[in-house]
Amino acid sequence: MKFSIQKTDWKRVRTTAVAFFQPEDRRALQATIKHFGRTSVATAAEALLATGDMAGKAEETFVIYPRKSEAAAKRILLVGMGKKDKLSLEIVRRAASRAAKKAEGTKSRSLAIYLPEIKGHSGAEVAYAAVEGIKLGLYKYDKFFKREEPKVSLENVTVLEDGTSLAGSSAEEVNAAIAEAETVCNAVIFAREMENEPSNNKYPETLANWAKQVASENGLKITVFGPKELLANKMVGIISVNQGSVKEARFVALEYLGAPKKDAAPIVLVGKGITFDTGGISLKPGAGMADMKSDMSGAATVIATLKAASDLKLPVNVIGLISCAENMPSGSATRPGDVITYANGLSVEIDNTDAEGRLVLADALIWASRYKPKSVIDLATLTGACVVALGHVTTGMMGNDTSMMERLKRSGDSTYERVCELPIYDEYDELIKSDVADIKNVGGRWAGAITAAMFLKRFTDYPWIHLDIAGTARSESASDYIPKGGTGVAVRLLTHMLKEEANA
Ligand code: BES
Ligand code: MN
Ligand code: ZN
């Protein structure tokens, strides 16, 4: 998809469709109608207003067909944005995704848009949000469908610069914002592709290969451990979780050193890369198990964020660590009650083989220490309990790096990939005491998202944050720019944070 800016208007622009974003406000509607001059489009829009069919509500999208003599475009889209006092960048993302879907749904190959005015935000920011809505909204995981007819997709998007329509930003600023948004969205889409890949095509080695792809495209250093190196480095969590699988486990370190000082303390991102989670011997119930193909979403986010950071050449040092295993039941699988001892000397009783995420993350958290990190952020589809607590609306955040947590909250609000803090009080430690080892890997019925974090905390000796994305990494139903299935959550969040970090 190609984005560009053109100094022209809705009548002259040579695209198949032109979209107008419309707040729920009579005066704004009247202003749009005025814009249409004495055309049949104005007449149609007047009727929409007079009948009350269109008020500018967020669920309204109308198509008006201009006469050939009136406009080069075949379709004029009026896209509702909802209440005027509630306009925000998130509203722009959503409205832009609806415009793009309407355009593609009517087999338009090109779309022109007017940037709406959003109080408190520059035209560049609005353009950025529009690109996010369009690119992320049009994403589909459709590679397995047999095609009866050729696919028509939106190929060109034009931002119209007509009078003050760039909302106070220069064309250069808007162009830069568009390019950056495209880069970040490509990384999000890459994460979604990895998440949606079925597990007969996706093994620990596959995750390592995706990381290698990013490394070779952007010249990053990459280290991949297979069974031999895992053993040599006492990565017992990964080994134990993977030992029921016929596939080999992997641990990957991906290094992007973009800061002016190569030895500046890095931010380390750690991802859970379970390519399928059956639960192991503590087998999961069958219903919904297919979703566990995305139990590598944390790893996908880490790989994709390193791609975004290096594509954007952000002046920060970022290390990505991913622990990759397949959690399968078999004659060689780990049993409940087994005890493993980690490289840091801590022993763990595996009370439930379905609490495997924390087991593989622990190896990576121990490994992270050698980078003398400024902060370590782990991402994992870790607990059903987090979904019970927060649903699919927000990611659970726990940790002790309070300043980074504040930054993530701010980045979460900006990107709308929001994070919500849960406590990690010392008292919760009681719940993971074991009779036979230093700790056990499950904490019983209560506070499941938190006891998982308490477990992880035992393997950290640096400022640390845990993001439980169990509820946000997959979506159960499509909404504007979030498709059903893998969402690529936290790529935009982390990239935003890294950019702020670079500016700090
Ligand atoms: N991958 C699951 C968590 C999960 C559940 C992710 C639902 C996405 C949606 C994780 O490995 C798991 O099985 N957790 C257990 C932990 C329990 C055994 C303490 C859970 O949440 O039930
Ligand atoms: Mn599990
Ligand atoms: Zn899991």
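## Salt bridges, a helix and a strand

Both E430 and K433 are exposed, and in this predicted model the two residues form a salt bridge whose closest N and O atoms are 3.2 Å apart. That pair belongs to a set that comes to 28 salt bridges by the rule applied here.

| Salt bridge | Closest N and O atoms |
|---|---|
| E180 with K499 | 3.0 Å |
| E430 with K433 | 3.2 Å |
| K284 with D277 | 3.8 Å |

What does the salt bridge between E180 and K499 tie together? With its closest N and O atoms 3.0 Å apart, the bridge links helix 5 (residues 171-196), where E180 lies, to helix 14 (residues 491-503), where K499 lies, so that parts 319 residues apart in sequence are tied together. K499 itself is partly exposed, at a relative accessible area of 32%.

D277 leads on to strand 9 (residues 267-277), which is mostly covered, 11 of its 11 residues being buried. Strand 9 runs parallel to strand 13 (residues 375-380), to which 5 bridges join it, and L269 has I377 as its bridge partner in strand 13. Strand 9 also runs parallel to strand 10 (residues 317-327), with 10 bridges between them, and D277 stands opposite N327 in strand 10. Between strand 9 and strand 10 the chain passes through helix 9 (residues 297-311), making a β-α-β crossover that is right-handed.

Which residues of helix 12 are buried? They are M404, M405, L408, S411, G412 and T415, and because they cover an arc of only 125 degrees around the axis, they lie on the same side of helix 12. In general, an α-helix has 3.6 residues a turn, so residues three or four places apart point the same way. The face of helix 12 turned away from the buried side carries the exposed residues T402, R410 and D413. After helix 12 comes Y416, with a positive phi near 70 degrees.

Key
Residues numbered from 1 in each chain as written. Chains lettered and ligands numbered in written order. Predicted model: local features only at pLDDT ≥ 70, side-chain atom pairs only at ≥ 80, totals over all residues. Heavy atoms only, no water. Salt bridge = Lys/Arg side-chain N within 4 Å of Asp/Glu carboxyl O. Helix = DSSP H or I, 4+ residues; strand = E, 2+ residues; numbered from the N terminus. Buried < 20%, exposed > 50% of the residue type's maximum accessible area, 1.4 Å probe, protein only. Arc of directions from axis to C-beta. Pairing = 2+ DSSP bridges. Right-handed = clockwise from strand over helix to strand, strands pointing away.
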